[in-house]
Amino acid sequence: MKKSIIALGICGIILIGAGAFWFGLDDETRGVLKTLPTNKDVLLWSQQQRDATFRAFDRLTILADHHTMKASSAPMPLPIGKPLNIPNIDEYMKEQRTAGIVIIQDGKIRFEKYGLGFDAKGRWTSFSVAKSFTSTLVGAAIKDGYIKSLDDNITDYMPDLKGSAYEGVSVRQLLTMSSGAAWNEDYEDKNSDVNKFNNAKPQKGVDATISYLKTLKRAHEPGTVWHYNTGETNLIGVLVASATHKNLADYLHEKIWQPYGMEADGTWLLGATGREIAGCCIQAATRDFARFGQFVMGNGVAGGKQVVPEDWFKQATVKQMDIGKAGHGYGFQWWTYDDGSFAAKGIFGQGIFIDPKRKLVIASNSSWPRASLGEQPKAREEFYKQIQELVDRGE
């Protein structure tokens with residue numbers, strides 16, 4: 001009898017402790033634990049799993065480790081401007097499955113709204129929006145003298161790539177995704193490079209990105225053909241880390257996050273060999289994604305200092321490569337429009353749209369049903385045009 005009583009007492013203590021642990025967690029962590037993905041491939045997750053995890057990738061190390069960019073000691077104010085009345089906005093957000101939208105025009109917030117139980121204090125993952133952050137760090141590394149020139153051979157900084165399809169490829173060609181290396185970016189093909197890359201076991205002592213990309217074959221001469229390749233953005237991250245001898249999160253914090261005044265902590269997920277996944281996976285508040293848009297539109301000045309070369313964004317945000325779509329192009333990890341606007345885009349509906357002529361920034365985070373297919377991408381492009389027209393009419 002005494003043993004039974006002791007056993008019941010121990011069970012009670014364990015249950016009380018478990019209950020205290022559970023209720024001590026934040027809502028995002030509880031949400032991801034309830035729907036915890038059992039597969040590393042985000043494309044195989046259920047909609048419920050994506051909704052929960054996109055806001056909590058950095059909460060559990062069983063999903064991924066991360067480095068942190070601490071909030072600025074002097075957050076940049078975002079004053080409230082004249083409210084922008086957007087027709088059918090609730091319908092649009094529902095169809096996009098939008099978690100957050102922040103629209104800044106002429107330096108003031110003109111619209112801000114959240115959905116899917118997300119709010120201004122939460123962090124949402126960026127997916128490929130991170131590519132535009134990574135390319136900006138190349139500009140910073142050139143300004144700081146760590147990288148000498150856009151025309152440098154990338155093997156000067158990453159000698160492990162010698163003898164591969166990347167020998168003879170320049171920094172510029174890597175930035176514009178025109179290396180000529182063969183790569184399959186089909187998100188819905190389980191055997192594509194973009195999917196196999198995540199699960200590939202790196203060679204001992206070799207960075208995970210270099211280990212996989214050095215096996216690729218050459219399909220075109222460098223600089224001749226644009227071909228979208230997330231692996232190459234990860235390689236750009238290795239380039240920056242190798243040149244600066246700093247991890248990307250620390251360098252981003254030093255050059256932009258702290259001096260420009262990001263108001264919340266941000267995080268950057270790490271890959272198999274402990275480096276930031278440069279083509280993906282910055283977690284940040286929607287307002288801070290919008291602030292990054294403001295930083296870019298302000299020509300890269302933070303804390304009164306020029307962070308990138310003065311002509312950097314004049315090159316980075318205009319068409320450097322033709323992508324086979326009228327009115328569109330690709331710069332240095334930015335999608336460009338012939339009207340002078342440009343955007344960072346991530347799968348499942350993440351984006352930062354920047355229109356310098358209208359002093360307009362639109363930051364949005366969503367949880368689309370599919371990575372890049374379906375009706376949502378086209379509707380988002382139409383939404384950007386709608387906001388431009390509202391601004392033009394003085395709404």
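Tutor: A salt bridge here is a side-chain nitrogen of Lys or Arg within 4 Å of a carboxyl oxygen of Asp or Glu. The model is predicted.

Student: Which residue does Asp90 meet in a salt bridge?

Tutor: The N to O distance for this pair is 2.4 Å, and the cut-off is 4 Å. Asp90 lies in helix α4 (residues 89-96) and its partner in strand β3, so the pair ties together parts that are 23 residues apart in sequence. The partner of Asp90 is Lys113.

Student: Which strand pairs with β3, and in which sense?

Tutor: Strand β3 covers residues 108-114, and six bridges join it to its partner. The two strands form a hairpin with two residues between them, and Asp106 in the turn has a positive phi of about 55°. One of the bridge pairs is Ile103 with Phe111. The partner, in the antiparallel sense, is β2.

Student: Is Lys255 buried or exposed?

Tutor: Lys255 forms a salt bridge with Asp144, the closest N and O atoms lying 3.2 Å apart. Asp144 counts as partly exposed at 33% relative accessibility. For Lys255 the relative accessible area is 15%, and the limit for that class is under 20%. Lys255 is therefore buried.

Student: Which residue forms a salt bridge with Arg291 at 2.9 Å?

Tutor: Arg291 is buried, with a relative accessible area of 3%. The partner, buried at 1% relative accessibility, is Asp288.

Key: Residues are numbered from 1 along each chain as its sequence is written. This is a predicted model: local features need pLDDT of at least 70, side-chain atom pairs count only at pLDDT 80 or more; totals for chains, interfaces and linings use all residues. Side-chain values use heavy atoms; hydrogens and water are left out. Two strands pair if DSSP finds at least two bridges between them. Helices (H or I, at least four residues) and strands (E, at least two) are DSSP runs, numbered from the N terminus. Buried means under 20% relative accessible area, exposed over 50%, partly exposed in between (1.4 Å probe, protein chains only).
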